[in-house]
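I open this notebook to record what I looked up, chain by chain. The entries follow the order in which I consulted the structure.

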Amino acid sequence: MIRYIIRRLLVAVLLLAIISLVTFGIFFLLPKLAGQSTDDLAARYLGREVTPEGLAGVKAKLGLDDSFLVRYWHFIEGIFVGTDYKFGTSVTHCPAPCMGFSYRTNEPVFDLLLDRAPITFSIAIGAAVLWLLAGVTIGVVSALRRGSAFDRGAMSMALAGVSLPMFFTGLVSIFLFCRQFKILPTPRYEAFLGNPATWAQNLILPWVTLAFLYAAMYARLTRAGMLETMGEDYIRTARAKGLPERDVIVRHGLRSALTPIITIFGLDIGLLLGGAVITETTFSFAGLGQLMLQGITRSDLPVALGVTMATGLFVIVANLVVDILYAVADPRVRLA
Amino acid sequence: MTAPIEVSGSETEAQPDAVLAGVDRKAIQGRSLGQIAWLRLKRDKVAIGGGIVVMLLILMAVVGPFLVGDPNQPHNDLIDPMLSRPKTGIMHSGISSHHWLGVDLPAGRDMLSRIVNGAKYSLIISFLATILAVVLGVFFGVVAGYFGGWVDTLIARTMDIFLAFPLLLFAIALVGVFPDSAFGLSGNGLRVAFLIFVIGFFSWPYIGRIIRGQTLSLREREFVDAARSMGARAPYILFRELLPNLWAPILVYATLMIPTNIIFEASLSFLGVGIKAPTPSWGGMLNEAKEVYEVAPHFMFFPGMAIFITVLAFNLFGDGLRDALDPRSSR
Amino acid sequence: MKRSAFRGSAALAAVGVTAALALSACGGGDENGGGDGAFDQASNAIVNASDKKGGTLNLLRTGDFDSTDPGNMYYATAWNFSRLYARPLLTFKSVAGQGNLDIVPDLATGLGQASPDQKTWTYKLRTGVKFADGTPVTAKDVKYAVARSNYSPEVMEKGPVYFRQYLENPNGYKGPYKDPNLDNFKGVTTPDDQTVVFHLAKPFAEFDYLATIPQTAPVPKAADTGDKGGVNYAKSVVSTGPYKIDKYEPGKSISLSKNPNWDTSDPNRKQLVDKIEVQLGVAADEVDNRQMDGSAHIDVQGNGVNAAARSKILSDPELKKNADNPKSGFLWYTAISRQVAPFDNVECRKAVQYAVDKTAYQAAYGGTTGGDIASTVMPPSLKAYQKFNLYETPGDKGDVAKAKEHLKACGKPDGFSTSISYRTERPKEKAAAESVKASLEKVGIKVDIKNYPEDGYTGGVVGDPKFVKKNNLGLMVYGWAADFPSGFGFLQQITDPGALKGTGSSNISHIDLPEIAKMFQDVPAIKDEAGRNKVYQEIDKKVMEDASIIPMLYAKNLYYRNPKVSNVFINYGYSGMYDYANLGLK
């Protein structure tokens, strides 16, 4: 087991390195591809008078004239040992893990990430819990009452749910619940530590919006999985042994129907974060996704890179957790 | 963004040869696989309904733009200059006999025309992106599955990376920094081409995994062995022996990938990195509506419903197609 | 340019309606904070005048100020806000109505004393003004503030650089971060601790306007070092105003409390509330809703309410009486690049002047409450404004026939293709660009719409002649407000051929007419204001004859004032937004 985890960790580090290289490459190579010189790029950072002096200053500060590898190396170096940034006489030390400073606001990217991450992860984790619970429950009930009104109703809902883009559901739900009927306040993020109750109250709509789509998918998957498992021979055997029906369903049926669900969930974590980005935009939450969009529209490489790294890290860790869960849920899994 | 979860989840279910289970291979000459599937599909009313809607949508996208007028024609006279919302129509939507779905804000452009023209772009992008994804996915899936070894490891790992990461974020990064003109293209032509590339490129692993799995099981079968022992070379086996046996899952998952790609495109446009203004797109309309939907709810409702109906129709049809081609997965 | 991070705008109801409402509102004020106040009242009067003290003022906005560092800011809203904690030499008078366009002494005892050649300007500092830490303010602190803000582009990259432009700099001073010895900075001298003398390289009769820029607010050199200095000074600004910044978390919040060492004889500010909390990065809808539901007081974004709120406010008399619709001093316009063919031909430019439907442009900016239709470069909020219209079209909706005439004269009877640019973050500019496209296509001109990030739009996009040419940006959606409210402040940056430089010029039309250049060279030496204003009007006409700017709207904003806030009035010195330095609570 430990060897397995170590191996997985090594792979994770490798993946992060690949991700950072690719993102770096995108920002580095695409503008060049478009035929923009470093002067053109630097000019975009000077709001007013553009002088050769100013351009040189920006280029030096951002290291625009350095080669790809040098810039990438500085980035990696910052993460592990920190960097010093000189602004005239004043020097700003950026301690490890330093992911640089925003080109635009001069804020340390790491602080920005720490700041924004709770918002995105609050949305993502809450929604994931909700969708798994709702999806699996509905799926199981539907499978057990196959053909019933509940089954048909739930599956029609699920099909509708799969087909609704979440930014539409989000806008409609704000319109209905916050504006027309005023049941809920317009969501705005409140820190969990400040007041968990308002935290949750504000997050209900984003959670439901994001979870709706996936709950629908998972309900369909769970139902299909359960139907298949419940038809297997060993279930018949278990019943023949005289096990109570509840035990048959939970211990034998559900357990093996759940294993593929866990795998799929592992694969969906990336989608979950993508969904969180859309949810943030829909509800105007200043999370990582907004930060990313800002970073992109304002050509703020350190910020965009930081967000990609942070989300990549999250996905990798989450996948690790899922893999371990998987090993627990399905003893047949080979750890090698 | 959503991804075809069913695709990955149904990996174990969709075995094309399951369709043939119990059917003597030599006896099918009279009734092809397609005919059998068609017979089954015809009995599935819901799927046929979905299929009809899909056909109508395609028809609308092809013919519609010629019927509904210019989507960019403003009707400023329909907008209240002080309250800046349509003067007339139910809930200030501007709905009238001339504008069946009302007009948008602030220019007063016909919503119907914008939605119909939006369908054109939405469908073009999602179809072509799907084709790209299928071509890439099938190629890499077959190659990985057939050759195995390090080729398989490399391709399978790559697909895992693709599948595990927040692709929407990558797509945003790519589209966001993409220049205005490149490769001799510019403006919206370039945008559309680029969106097709991004969406297709980020969704090929979904179908790649399935095809790889199918290939893994197919390559152990007698007819492949036979071909190999007769000295057939790899390309021949790949394209003449394996591929014809894979068309059923390809068709099913391509159909199910289209709605996902429609939502992918709409998401990018909604986030402001999709098709450029004033070219109509459903996601872009929702983006514009985001600012004013309280004043003019119809501006949000119609494009949203357009996406919903389209995606639902494709999903229904795709589900039915899968059931028809693979009875074991019937639900 | 005072750039606007523009989010909403709003417009004016007919004067008659306003008056009627004002009358009716006077009749029935209720006790519970619905309160008195009438639509657009704060545009010309002080609403809820009161000296009541105490309470916490809750301000909020979307996004963040470009900086809280008085030396490194350019947005009007930041300049306005900075007066809570920074006293420049001069400022705009704190009175209601257009009277606040008058310049009055702030840190100085009087307006600048100019030498006869208009090249030496002397200011005497008030005695007894202290920093928040109790140390007295001296002339050296003003000199240091000017030096750091204007001569250190590597650190201070956001503010304007008028002082660098006007002051003499014989030995190429490089700013205090590179050259800590202030004696090398010859542009400003300090004969004694109370006297600041500015030495100009060329005459400038309107130098007093420059002395209102927050860059003249004193900065103690000792506080601008180490990790509290440079870019980080924004978080540790040493106050001279009624409040001091206790905590600034960029993008999140600013907390201010009373500055005990504030010089209470300051006539332009009040110290009424105990604390000021600014919530930053609030969603746009949220900003509007929270003002209307009373949970926040004033929006300090300074661009007015959103579309949804505008509609709500204008259709509900109870809300409308707490709203104001002042002119912002902005001109929304579309620039025509004289460099991009076929716009190098004046006839093609005139064709566009006639073709555009300005009412559609107005709709894009929020309708009649978003601005009045414009026909001149200078807006009516300037004293130098003179009304004229060289390109009249019926109902301002465009004139296809006239446009086609000029197209023919231009040699392009069948039209041509060009592009229009707008700023990605600004949905109104997008709608504006779309409206221009729709108008021009009626006369056969094909228009491709392109968008660029707001940051660097002037620097690297429309202000970069190479970029403009390469991308065929014949038309550029733009907006402009004066850095200081004079004809010179408004016109010089956008129309002076002398303002053209390699890149980053706001003269994005690329106006290079020698006659205009000559006028701009001569006007700063004219001593009397009326004489200068005549020249400005002349320039305005010349530019319009040249047809390289299409004035679209004299911008207006629709603001909502929480009825609990006292001393609310519009300050036209800062783009016609509420004066932030006098607010209190009822």
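Which residues of chain A does UniProt list for "transmembrane region"? I found residues 9-30, 119-144, 156-177, 197-217, 261-283 and 303-329 of chain A listed there, in an unreviewed entry. I note at the outset that this is a predicted model.

**Entry: spans in chain A**

I checked two of these spans against the coordinates. Residues 119-144 of chain A are 100% helix and 0% strand, with 38 Å between the end C-alpha atoms. Residues 197-217 of chain A are likewise 100% helix and 0% strand, and here the end C-alpha atoms lie 29 Å apart.

**Entry: make-up of chain A**

I then looked up the secondary structure of chain A, which comes to twelve helices and two strands. Along the sequence I read the pattern α-α-α-α-β-β-α-α-α-α-α-α-α-α. Of the 336 residues in chain A, 47% count as buried. Among contacts in chain A with a separation of 6 or more, I noted that 64% join residues 24 or more positions apart.

The domain assignment divides chain A into domain 1 (2-94) and domain 2 (109-335). I find eleven residues of domain 1 of chain A in contact with twelve residues of domain 2 of chain A.

**Entry: chain A against chain B**

How many residues does each chain give to the contact between chain A and chain B? I record 49 residues from chain A and 42 residues from chain B. On the chain A side, the elements that give two or more residues are helix H1 (2-33), helix H6 (149-163), helix H7 (166-180), helix H8 (196-230), helix H10 (245-283), helix H11 (288-297) and helix H12 (301-329) of chain A. H10(A) gives the most, with twelve residues. By class, I find 37 nonpolar, ten polar and two charged residues on the side of chain A that touches chain B.

**Entry: helix H6 of chain A**

I next examined H6(A). At 1.5 Å a residue, its 15 residues should span 21 Å, and the end C-alpha atoms are 21 Å apart, so the two values agree. The buried residues of H6(A) are A:Ala154, A:Ala158, A:Gly161, A:Val162 and A:Ser163. I asked what these buried residues of H6(A) pack against. In chain A the partners are helix H5 (109-144) and H8; in chain B they are helix H11 (247-270) and helix H13 (297-325).

**Entry: spans in chain B**

For chain B, UniProt (unreviewed entry) places "transmembrane region" at residues 46-68, 121-147, 159-178, 190-211, 250-275 and 295-318. I checked residues 121-147 of chain B and found 100% helix and 0% strand, with the end C-alpha atoms 38 Å apart. Residues 190-211 of chain B are also 100% helix and 0% strand, and their end C-alpha atoms are 31 Å apart.

**Entry: domains of chain C**

In chain C, UniProt places the feature "domain: Solute-binding protein family" (unreviewed entry) at residues 103-497. I find this span of chain C to be 27% helix and 18% strand, its end C-alpha atoms lying 28 Å apart. The domain assignment gives domain 1 (9-276 + 559-585) and domain 2 (327-556) of chain C. Their C-alpha centres lie 30 Å apart. The contact takes 19 residues from domain 1 of chain C and 26 residues from domain 2 of chain C. Its domain 1 side divides into eleven nonpolar, six polar and two charged residues.

**Entry: strands of chain C**

Why do I describe strand S13 (residues 327-336) of chain C as largely enclosed by the rest of the structure? Ten of its ten residues are buried, so the description holds. I traced six bridges from S13(C) to strand S18 (residues 549-556) of chain C, running antiparallel; C:Trp332 has C:Leu553 as its bridge partner in S18(C). S13(C) also pairs with strand S17 (residues 475-480) of chain C, in the antiparallel sense over six bridges. There the bridge partner of C:Thr334 is C:Val477.

I also followed an open sheet of five strands in chain C, with the order S8-S9-S10-S1-S11 and mixed pairing. Strand S8 (243-249) and strand S11 (298-299) of chain C each have a single partner strand, so one side of each is left without a neighbour in the sheet. Within this sheet, strand S9 (residues 253-258) and strand S10 (residues 275-279) of chain C pair in the antiparallel sense over five bridges. C:Ile254 stands opposite C:Val278 in S10(C).

Technical notes: Residues are numbered from 1 along each chain as its sequence is written. Chains are lettered from A and ligands numbered from 1 in the order in which they are written. This is a predicted model: local features need pLDDT of at least 70, side-chain atom pairs count only at pLDDT 80 or more; totals for chains, interfaces and linings use all residues. UniProt positions are given in the numbering used here, feature names are shortened, and annotations may be inferred rather than shown by experiment. Helices (H or I, at least four residues) and strands (E, at least two) are DSSP runs, numbered from the N terminus. A residue is buried if 20 or more other C-beta atoms lie within 10 Å of its own, exposed if 12 or fewer, and partly exposed in between; C-beta atoms are placed from the backbone. Two residues are in contact if their C-beta atoms, placed from the backbone, lie within 7 Å. Domain bounds come from an automatic or database domain assignment. Ala, Val, Leu, Ile, Met, Phe, Trp, Tyr, Cys and Pro count as nonpolar, Asp, Glu, Lys and Arg as charged, and the others, Gly among them, as polar. The expected span of a helix is 1.5 Å times one less than its number of residues. Two strands pair if DSSP finds at least two bridges between them.
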